[in-house]
Amino acid sequence: MQPITESIRARINVDYAGFSLDADLTLPGKGITALFGQSGSGKTTTLRCIAGLERAQRAFVEVNGQVWQDDSRRFFLPPHKRQLGYVFQDAALFPHMTVRRNLEYGHKRCGAGQDRDIFVQAVDLLDIGHLMERMPLKLSGGERQRVAIARALLTSPSLLLLDEPLAALDMKRKREILPYLERLHDSLEIPILYVSHQQDEVLRLADHIVLLENGKVAASGPLFDVLGRLDISARQAEEASSVIEATVG
Amino acid sequence: MDISTEDWAAIRLTLELAGSVTLLLLVIGTPIAWWLARTRSPVKSLVSAVVALPLVLPPTVLGFYLLVLMGTNGPVGHLTQKLGLGLMPFTFPGLVIGSLFYSMPFVVQPLQNAFESIGEQPLEAASTLRAGPLDVFFTIVVPLARPGFLSAAVLGFAHTVGEFGIVLMLGGNIPDKTRVVSVQIYDYVEAYEYAHAHLLAGGMMAFSFMVLLALYITNPSKKLCSR
């Protein structure tokens, strides 16, 4: 097994009435890491805390050697100063802007605004060139999500956060967008954190998995190691599946 | 019957008053409405109640207190005299100040509703796209709340045009300075000049109706001033 360059550190403590999260994560700086668990397990909260959208009571977040939050020093970088891309469950495109202006919104503000190459690449990667002058309301769910991913990529993030990007889509749309996520995986250098409660998505996309249960990390490691462990598979048995690592060639 | 020069002066004065009050209220009311829409502070109810007070108070009460505050012996009166501004009551600026309080809820509430209906998500999305708070406000909130700004401006304007009690208390009845249309109508009625009164009152009716009609046509699904 190749050594993993560990470049994301996140220690997050949240205590709300009826919900607590206590996660200490060290994640690889490459590939897709799935934050996996049932609803209420704290996966979205973890993601939102890493982005700074939610302010954990006590947290330490470091990405690529850059500290984003360190409450022991009372340091909190607001989300707009964190070099990240975030894709929301239902895309969250700005309804008053065309697709093009949605894409340009972050692109212009990240200092790479003049870089047309990146723009063209992102548009090609997500295959949305034909949608540029449309308004978000006139797009299908899958198209909207592709635009949202491209919009996030155009801020030149050092970390891409995806919050259940397929959850709002039906089976057909899901199948339509999964190949794009795989392309993302193959063509991007940056790490991706992917929140999901769907085992099939995780199996198809993730390299690394963090299993969350009731606000605690139940397991964390390379996908095949974690899902191969019998005790874990049994707990997630509502959707039984097996993982076979193989090379076809 | 023609509209007399005095009537024209009253109409012009009314429009000037309503125009400046509306502009000022959009500037003052926007941050208040934004704060009310976003805050979880326990003071929120208190501020909401103060802002809404003119909705239930007789305008004469509001006018009376402002008169006392801004008069020769009032604290505000002392201040304005010291600053060399003279006394506010029975002047146009005094009327503007009174109207600001009086029409405040009609501007703040539609704005607050509009801000609340935008929700958290577009703001969060913008902040993950490197936009700071002010940037988010002007590029996301203002365009998305445009119908709210329109309602606020129209209601603030129309409500100021329609005020009477506060003008009488605070402005007196000085031609060209503080005699607005509603006071002019009152004068005509006092003097049994019903024909003149009809002309102005009818004009006010038509004006108010047109304004509201236009608002509902452009903005059919919105409640104007739901609380």
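## Where the chains meet

In this predicted model, chain A puts 16 residues into the contact and chain B puts in 13. On the chain B side, two helices each supply at least two of the residues that touch chain A: α6 (121-128) and α7 (133-144). Which of them gives the largest share? That would be α6(B), with six residues.

Sorted by class, the side of chain B that touches chain A comes out as seven nonpolar, four polar and two charged residues.

## A helix pair in chain B

Next up is a packed pair within chain B: helix α5 (residues 92-118) and helix α8 (residues 146-161), whose axes are 8 Å apart at an angle of about 160°. Angles over 145 degrees count as roughly antiparallel, and α5(B) and α8(B) are therefore roughly antiparallel to each other. Their crossing is right-handed.

What residues do the meeting here? From α5(B) they include B:Ser99, B:Ser103, B:Phe106, B:Val107 and B:Pro110, and from α8(B) they include B:Phe149, B:Ser151, B:Ala152, B:Leu155 and B:His159. By class, the contact of α5(B) with α8(B) has nine nonpolar residues and eight polar ones, with no charged residues.

## A hairpin in chain A

Over in chain A, strands β10 (residues 208-213) and β11 (residues 216-222) run antiparallel and are joined by six bridges. To pick out one pairing, A:Ile209 sits opposite A:Gly221 in β11(A).

The hairpin of β10(A) and β11(A) has two residues between the strands, and in this hairpin A:Asn214 takes a positive phi near 45°.

Conventions: Residues numbered from 1 in each chain as written. Chains lettered and ligands numbered in written order. Predicted model: local features only at pLDDT ≥ 70, side-chain atom pairs only at ≥ 80, totals over all residues. Contact = placed C-beta atoms within 7 Å. Helix = DSSP H or I, 4+ residues; strand = E, 2+ residues; numbered from the N terminus. Nonpolar A, V, L, I, M, F, W, Y, C, P; charged D, E, K, R; others polar. Axes fitted to C-alpha atoms, helices over the stretch in contact; angles between N-to-C directions. Parallel < 35°, antiparallel > 145°, perpendicular 65-115°, else oblique. Left-handed = near helix turned anticlockwise from the far one by under 90°. Pairing = 2+ DSSP bridges.
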